[in-house]
Amino acid sequence: MIVEEMMIQDVITLRPTNTIEEAIKLLEEHKIRHIPIVNDHNELAGIISDRDVRDASPSIFHRNTHLEDLQQPIQSIMKTSVITAHPLDFVEEVASVFYEYQIGCLPITKNNKLVGIITERDLLHTLIQLTGAHQPGSQIEVKVENKAGVLSEVTSMFRKHKINILSVLVYPDKDDRYKVIVFRIQTLNPTVIITELKQEGYDVLWPNLPGISL
């Protein structure tokens with residue numbers, strides 16, 4: 001999946017000359033945590049977070065004083081070094097950017113123009129969809145040899161039993177000679193396929209059902 005398919009395109013923005021008070025109102029009204037700052041040509045100039053706004057606002061002990069601070073322009077507190085992504089980037093690549101830089105949102109730009117935004121929540125929702133975790137079914141983890149064609153061998157057994165595969169994930173085992181394949185399948189009773197996988201010599205890591213062994 002590419003970023004364009006899951007990004008929010010109707011982005012709430014502000015100009016650098018808007019005030020901190022205006023930013024507070026937008027954050028509260030729309031229940032968001034980040035606002036991209038753009039210039040008159042919709043080019044990304046910076047970004048602010050709810051934390052930036054809180055840090056710049058008078059404390060609760062001076063709620064009725066220093067109100068002039070709220071009239072300062074956003075450009076006085078916005079971050080100008082902004083990490084961005086392109087609409088054609090892959091979601092997996094974007095996830096690694098979130099993890100590496102520990103950010104809460106990622107503006108999406110094309111030809112220097114702001115065209116969308118992705119938040120942590122958007123990313124998590126998309127990953128849930130990609131794994132099929134939001135659909136009823138069962139999960140099976142199978143340890144296999146790290147060799148060409150092994151995925152086709154295992155999936156042919158699901159086809160034999162007419163079991164629909166919702167998603168497939170592959171991740172490395174501690175031993176480089178093996179991989180772990182995680183299947184999300186559309187059945188609530190995986191006993192038959194687990195039994196056959198074990199009979200064919202595959203190491204089923206999950207679920208390790210009692211009574212099903214070689």
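The model is predicted, so local features need pLDDT of at least 70 and side-chain atom pairs pLDDT 80 or more, while totals for chains, interfaces and linings use all residues. Residues are numbered from 1 along each chain as its sequence is written, and side-chain values use heavy atoms, with hydrogens and water left out.

Start with the cores, a nonpolar core being a set of buried Ala, Val, Leu, Ile, Met, Phe, Trp, Tyr and Cys residues joined through side-chain atoms within 4.5 Å. Buried here is under 20% relative accessible area, exposed is over 50%, and partly exposed is in between (1.4 Å probe, protein chains only). The largest core has 16 residues, and Ile-140, Phe-158, Ile-193 and Leu-197 touch the most other members. Two or more residues each come from β5 (138-145), α5, β7 and α6 (191-199); helices (H or I, at least four residues) and strands (E, at least two) are DSSP runs, numbered from the N terminus. Helix α5 gives the largest share, four residues. Setting aside residues up to four places away in sequence, Leu-197 touches Ile-140, Val-142, Val-154, Met-157, Phe-158, Tyr-202 and Val-204, with contact taken as heavy atoms within 4.5 Å. A second, separate core of 13 residues includes Ile-20, Ile-37, Ile-48 and Val-53.

On to the rings. Rings of Phe, Tyr and Trp (its six-membered ring) pair if their centres lie within 6.5 Å, with planes under 30 degrees apart called stacked, over 60 edge-to-face and the rest tilted. That rule gives one aromatic pair. Phe-158 and Phe-183 make up this tilted pair, at 4.6 Å centre to centre and 40° between the planes. The partners sit 25 residues apart, Phe-158 in α5 (residues 150-160) and Phe-183 in strand β7 (residues 178-185). Phe-158 is buried at 0% relative accessibility, and Phe-183 is also at 0%.

Asp-122, Leu-123 and Thr-126 are its buried residues. These fall within an arc of 95° seen down the axis, so they line one face of α4; the arc is that of the directions from the helix axis to the C-beta atoms. Their cover includes α3 (91-101) and β4 (113-119), whereas Arg-121 and Leu-124 are exposed on the other side of α4. Just after α4, Gly-132 takes a positive phi of about 75°.
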